[in-house]
Amino acid sequence: MSLHWIDIAIIAVYLLGLLGFGLCFSRFVKTEEDYFLAGRNLPFWAIGMSIVVSDIGAIDFVSLTGASYRYGIAAANMDWIGTLPAIIIASLIFIPYYWRAGVYSVPEYMGRRYDQRVRAVQSIIWTIYLVLILGAMFLAAAKMFENLLGARPWAGLIPEDAVEIRLWTYVLVTAAFTGAYTVAGGLAAVVYTDVVQLVIMFLGALIVLAIGFQHPDLGAGGLSGLRESLESAGHDSHFSLFLPHDTKTPYPWTGVLFGLALVQAPAYFIGNQQIVQRTLGARDEWSAKAGTLFAGALKFFIPILVVLPGLLALALYPQLEDADQAYGQLIKDLLPVGLTGLVFAGFLAALMSSVDSFLTSAASIISRDIITGLCRVRLDDRSLLRLGKLLTLVLVVFGVATVPFCGIFAGIYEFIQAILSIVQGPTWALLLIGMFWRRATASGGFVALLAGLAVGLGLTIWQKAAEAGARPFQCEEPFMFIALVSFLSTAGVLVAASLATRPRPVSELRGLVFRATFHDTEAQSALEARGGEEEP
Amino acid sequence: MNEVSIARCLFVGFFLLLAAGVMILPRAYILRGAPDTALWRDLRWWALLLLAVHVYVYWRF
C-alpha cells in the first residue's frame, strides 16, 4: 500500500505540530523536579488522559487487536477486570501515600519502606523491563509501518525483498522522532502531548470502527451482524469474556481472576513507574487520586476501540497469516484517502505517547534511584537536569538495540506479559504486604524479592523449554499463572523471613504504611489517645 | 451451574466486594487535598459508577 499525498501531508502536519508543541515545554524545565515531575503541577484530567494513552500504545493496536483476532473478546479482560479494580485500589489506597511521601519513583518508595537493597533490585529490574519494552514498541511500530507502506516508498533505495532493512529503517525513524521532544520537555511535554494524542487516537480508532461496522460482508451490520458472522464461521467463543480454565489461550477465567485481576493488574497500576510517575506530578493529593480514577473511566473504552477491530478483521479476513497484522489490514482496506492519514496519525499518537512515557520513567529511575540514590553521586540541580536529558537520549539508543530480542515469542503482547509476569508478582507482594503489615522487615523484603524473581524466571524458562506434556502450565503464554505463583512465593517468603528478623521501629515507618486512614481527624485523635495509633 | 456461570458469579462478586470496600472509606479521606467539597469531587461515586458499568458488561457477556 502506498499512502496518498493527502494522507502523508496530514501525518506530516500532525507530527510537526506535536513536535513543536512538545518542544514548547522545554522553556519551563529548569530543575530536575520540573523535568521528571512536571513541577508537581499537573491537573487530574491531564493525568488521567496521559495514563491511558501511555498505557495503550502501538503494542495494543497491533497485538491486542491480534489477540482478539485469535481469542475473541476475552482479550478485553486486560482492560476491564484487568484495570478497574486495580485502579480503584491504586487511586484510593496507594497513590496518596506515594504522593505524600514526595518520592520520584516506586523503587524510591520501596527503598524507604524496606531498604536500599530492595530499591537497588527494583531499580535494576524495572530499568531492564522498560528498556526491553521500548524495543518491543519500536518493533510493533515498524511492523505497522511495513504493513501500511510496504516496499513502494523505498523503490530504488531498498530492494523489495529486504524486509529486515525496511523494518530497521522504521525503527530508527520512530526512535529519533519520539526521542526529540521527550529529551527536551520531560514529563510536562509527555503529559500534555499525551492529551492531544489521546484525542487523535480515539478519533482515529472510532473512524475505523464506524466504517468497519458498515461493511457489506457483515450482513445485518453493527455488533449483531458481526456476532452472527463470527458464530456462523464457527467462532462461538469469540463473544465470551469467560474462557474455560483448561483453555489453551492465554485467557482462562481462573488466570484472569486470580492472576490478572488480583496480581498482575494491581502490580501494574500500583508498582509500575510508567503509570505512577504522572500521579506523583499532581498538583495536590486529590488530583493524584482523581487522575488515576479518571484513567479507569477512559480505559473502559479501550477494548471497544482495540478489541472490536480484531473481531472485525476476523470476520472480513479470516485467513490472515499473522494476527498482528489485523489492524493494519483494516486501515489498508477500509479507509478512504484523508481518513487513512488521520487514523495513521492516531496510531503514531498511541506509539509515541507510550514510548515517551517509558523513556521518562526509565530515565527517572536510573537518575534518582541508581545514580544519585544507590551510587550516591552528588550533583547540583542543573547537572541533574542535564543528566536526566542525557539518560533519556541514551535510552532511545538502548531501546533500538533490544529490538532483535523481541521476536522470540508468538506475539509482542505476550512477550511483554511474559516479562511483567516475572517482575510484577514479587513487586506487588512487597508493596501490598509492606503497605498493610508494618511487621514486614527490610531483610525479609530483600530475600522475598529475590526468591519471587527466581520463581517467576524459573517457571518462564521451564514453560518455554519443556515438551508440551511436561510444562507446568498447559495454556499458551501462561503469564497470569506465573505472576500468581511468583506473588504467592514472594508473599510466603516475606512473611516467614520478616517474622525471623528484627522489625523496624514504628517511628521509621510513619507515612509509609497504611494505618487508620479510614478515620476522620476526630476518630484518629481518639485512636491515638487510646492506644498510640500512628498517623497514616 | 456450569463453569462459565460460576466464573461469572465470581467476577461480579469481586466487583461488588470492591464497591462495598469503596463505600466504607470516609468522605474526609477521599476529599483530602481537594480545593472544595462539592459532591462531584467525592471519588467514591466515580468508583461506584465505573463498577456498575463493569458489572453490567460481565453479566451480559
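Tyr268(A), Phe269(A), Ile270(A) and Gly271(A) at H10(A) touch Gln273(A), Gln274(A), Ile275(A) and Val276(A) of H11(A). Sorted by class, that contact holds 5 nonpolar and 3 polar residues, with no charged ones. Keep in mind that what you're looking at is a predicted model.

How do the two helices sit against each other? H10(A) and H11(A), the latter spanning residues 273-280, pack at about 40°, and their axes lie 6 Å apart. An angle under 35 degrees would count as roughly parallel, and 65 to 115 as roughly perpendicular, so H10(A) and H11(A) come out as oblique to each other.

H10(A) also turns up where the two chains meet. Chain A puts 40 residues into the contact and chain B puts in 33. Together they bury about 3,400 Å², with carbon and sulfur atoms giving 77% of that area. On the chain A side, the elements that supply two or more residues are H5 (84-101), H10 (253-271) and H12 (285-299). The class make-up of that side is 28 nonpolar, 6 polar and 6 charged residues.

| Item | Value |
|---|---|
| Residues from chain A | 40 residues |
| Residues from chain B | 33 residues |
| Area buried between chain A and chain B | about 3,400 Å² |
| Salt bridges across the interface | 0 salt bridges |
| Polar contacts across the interface | 10 residue pairs, both at pLDDT 80 or more |

How many salt bridges cross between chain A and chain B? The count there is 0, while polar contact links 10 residue pairs across the interface.

Over all chains, the salt bridge count comes to 15. One to look at joins the side chains of Asp79(A) and Lys299(A), at 2.5 Å from N to O. Those two residues are 220 apart and tie together distant parts of the chain: Asp79(A) belongs to the loop between H4 (58-71) and H5 of chain A, and Lys299(A) to H12 of chain A. In general, side chains of opposite charge can pair when their charged atoms come close.

Conventions: Residues are numbered from 1 along each chain as its sequence is written. Chains are lettered from A and ligands numbered from 1 in the order in which they are written. This is a predicted model: local features need pLDDT of at least 70, side-chain atom pairs count only at pLDDT 80 or more; totals for chains, interfaces and linings use all residues. Side-chain values use heavy atoms; hydrogens and water are left out. Contact means heavy atoms within 4.5 Å. Buried area is the accessible area (1.4 Å probe) that two parts lose on being put together, summed over both. A salt bridge is a side-chain nitrogen of Lys or Arg within 4 Å of a carboxyl oxygen of Asp or Glu. A polar contact is a pair of N or O atoms within 3.5 Å; within protein, one must be able to donate a hydrogen and the other to accept it, and residues adjacent in sequence count only if both atoms are side-chain atoms. Helices (H or I, at least four residues) and strands (E, at least two) are DSSP runs, numbered from the N terminus. Ala, Val, Leu, Ile, Met, Phe, Trp, Tyr, Cys and Pro count as nonpolar, Asp, Glu, Lys and Arg as charged, and the others, Gly among them, as polar. Axes are lines fitted to C-alpha atoms, for helices over the stretch in contact, and angles run from 0 to 180 degrees between N-to-C directions. Angles under 35 degrees count as roughly parallel, over 145 as roughly antiparallel, 65 to 115 as roughly perpendicular and the rest as oblique.
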